Amino acid sequence: MNTQPTPLSRRRFVGAAGLVAGSMITRPLFGQNAASNKLNVALIGVWGRGLAHYEALSEENVVALCDINEAHFPDALKRFPGATTYIDWRKCLDHKGLDAVMICTPDHTHAFIANWALKRNLHVYCEKPLAITVDEARTVRATWETKKGKLATQVGMQRHAQPNFNRVKELIRDGAIGELKDAYAWGNRQIPKPGYFPEEGTPPPGFHYDLWLGPAPFHPYNPAYFSGKAGANCLSWNMFWDFGAGQIGDMGSHTMDLLWNAVDGSLPTSAEAKGEAYNSDVTPVNCESHFELPANDWRGPITVNWYQGGAMPRSPKPFIDLTKIGHGAMFKGTKGFLIADFDTRMILPFGDDADMTYYKSRKSDDLLPAVGVFQKQWFDACRDPSKKTACDFGYSADMIEMMLLGLVAYRVGKKIKYDGKTGTSPDTPEANAFMKKEYRDGWNIDG
Ligand SMILES: NC(=O)c1ccc[n+]([C@@H]2O[C@H](COP(=O)([O-])OP(=O)(O)OC[C@H]3O[C@@H](n4cnc5c(N)ncnc54)[C@H](O)[C@@H]3O)[C@@H](O)[C@H]2O)c1
């Protein structure tokens with residue numbers, strides 16, 4: 001294992017940002033390989049989902065690898081020889097000359113690492129979900145607001161690059177279903193668990209369980225948290241309240257993204273939810289949440305509705321079985337429905353005489369631009385932060401804040417009003433306690 005920091009001569013982003021702040025974009029030179037303009041990147045969480053980014057990362061300089069399981073370093077170092085290894089992400093963020101971090105760790109660490117990284121003026125790609133409480137989403141967004149236009153951010157909702165996301169958005173914006181009124185998204189993954197796993201065995205050598213827990217309250221070690229295949233191990237821990245947000249952080253992030261992109265979502269003014277009986281260990285499998293969203297510059301107020309774990313919106317027609325769409329979205333307007341999954345959409349106009357003459361489809365020149373390779377969009381924005389990324393921390397924090405507010409409403413058990421300016425419920429003070437969580441001593445999200 002290489003433990004020597006790589007000597008670097010990085011110009012701090014502040015200087016580089018100054019160059020790009022105006023309308024003249026001068027590509028800043030980054031990192032030790034300034035001639036080729038590569039970024040110095042740290043990969044935090046090198047196995048599992050981390051593996052999915054190796055190819056994209058190989059275009060840049062991976063100078064640091066961080067993982068709490070040292071057994072994952074040898075293979076990662078084969079791919080990124082010369083990188084310095086770290087077991088504690090707090091130390092990794094101080095790696096000299098770092099430009100950017102990719103966070104592929106479990107959900108309960110995302111907001112912490114992302115917030116710390118932004119505060120150290122690092123560009124951040126964070127796997128979804130960005131946060132597991134309303135308060136975490138707000139904390140990260142608040143920090144991001146101070147760095148907007150200077151740092152590039154992206155949440156790993158890479159399905160957003162699928163062309164269907166643009167096509168659905170265009171159809172909604174162009175009035176293919178009339179004026180938008182209601183939007184629905186659902187996911188039917190179901191992984192029920194009775195509670196946290198009981199204490200069993202001891203962590204293998206080189207597995208730093210205390211760092212894995214990080215800010216989460218203590219729960220004893222059990223190998224069942226680490227029994228999944230690469231990229232799917234999150235399904236071993238993401239349903240527990242202290243480690244994830246269940247379906248909302250899992251496929252829900254991808255599916256709500258399809259909806260959020262099309263409706264130009266913003267924080268809701270109310271939330272209401274119901275589902276299976278509350279379990280203090282495990283997030284609900286079966287649950288549905290309903291939100292009221294204010295009008296924006298192209299549409300009136302709408303409702304957004306999220307269904308999971310077997311709960312489903314009503315199909316507009318008996319011959320359409322929405323349950324056949326594992327993860328989907330549906331939009332209701334004044335003139336019809338649009339139903340979509342990640343790569344398909346269909347329009348169902350109201351009435352057998354609907355001729356759709358009210359709707360003019362776009363010319364090909366007016367189609368929304370393709371996102372391209374999702375990680376590359378972020379790398380390009382790191383080099384020129386005036387460039388927009390599809391799932392920056394503004395877009396993504398709002399989306400996950402709304403979904404997490406659904407879990408708050410579920411716990412309160414009644415419809416609550418929500419004030420997005422303060423992140424509190426004006427009519428249900430008891431809801432405010434569920435917007436945040438306690439962290440273990442020694443862990444501070446604002447570090
Ligand atoms: N975008 C997608 O399509 C997609 C797909 C799968 C997973 N994910 C997300 O990726 C994340 C990781 O999921 P996974 O299944 O790879 O999980 P995992 O449990 O396999 O963990 C991934 C890696 O992170 C390491 N790790 C754990 N805690 C760490 C810490 N505190 N510091 C450094 N390294 C740490 C693990 O040892 C492992 O190598 C989750 O947040 C999940 O939601 C996204």
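**Figure 1. The loop between β5 and α6.** P129 sits in the loop that joins β5 (123-126) to α6. In this predicted model, the peptide bond leading from K128 into P129 is cis, and its omega is near -5°. Most peptide bonds are trans, and most residues other than glycine have a negative phi.

**Figure 2. The loop between α5 and β5.** N121 is located in the loop between α5 (110-119) and β5. N121 is not a glycine, yet its phi is positive, at about 60°.

**Figure 3. Packing of α5 against α6.** Two packed helices are described by the angle between their axes and the distance between the axes. For α5 and α6 the angle is about 20° and the axes are 10 Å apart. The two helices are therefore roughly parallel to each other, as angles under 35 degrees are counted in that way. The crossing of α5 past α6 is left-handed. On the α5 side the contact is formed by A111, F112, A114, N115, L118 and K119, and on the α6 side by E136, T139, V140, T143, W144 and K147. Sorted by class, the residues of this contact are six nonpolar, three polar and three charged.

**Figure 4. Packing of α6 against α11.** Helix α6 covers residues 134-147 and helix α11 covers residues 393-412. The crossing of α6 past α11 is left-handed. From α6, the residues V134, A137, R138, V140, R141 and W144 take part in the contact. Their partners in α11 are F393, G394, A397, D398, I400, E401, L404, L405 and V408. The contact of α6 with α11 holds ten nonpolar residues, one polar residue and four charged residues. V140 and W144 of α6 are listed here and also in the contact of α6 with α5.

**Figure 5. Packing of α7 against α9.** Helix α7 runs over residues 163-173 and helix α9 over residues 251-263. The axes of α7 and α9 come within 8 Å and cross at roughly 35°. The crossing of α7 past α9 is right-handed. In α7, the residues F165, N166, V168, K169 and I172 form one side of the contact, and in α9 the residues H254, D257, L258, N261 and A262 form the other. The contact of α7 with α9 comprises five nonpolar, three polar and two charged residues.

Figure 6. For D107, a polar side-chain atom is 2.5 Å from an oxygen atom of the ligand. T105 also faces a ligand oxygen atom, here with a backbone N or O atom at 3.3 Å. Q158 places a polar side-chain atom 2.9 Å from a nitrogen atom of the ligand.

Terms used: Residues numbered from 1 in each chain as written. Predicted model: local features only at pLDDT ≥ 70, side-chain atom pairs only at ≥ 80, totals over all residues. Heavy atoms only, no water. Axes fitted to C-alpha atoms, helices over the stretch in contact; angles between N-to-C directions. Helix = DSSP H or I, 4+ residues; strand = E, 2+ residues; numbered from the N terminus. Left-handed = near helix turned anticlockwise from the far one by under 90°. Contact = heavy atoms within 4.5 Å. Nonpolar A, V, L, I, M, F, W, Y, C, P; charged D, E, K, R; others polar. Polar contact = N/O pair within 3.5 Å; in protein donor to acceptor, adjacent residues only side chain to side chain. Parallel < 35°, antiparallel > 145°, perpendicular 65-115°, else oblique.
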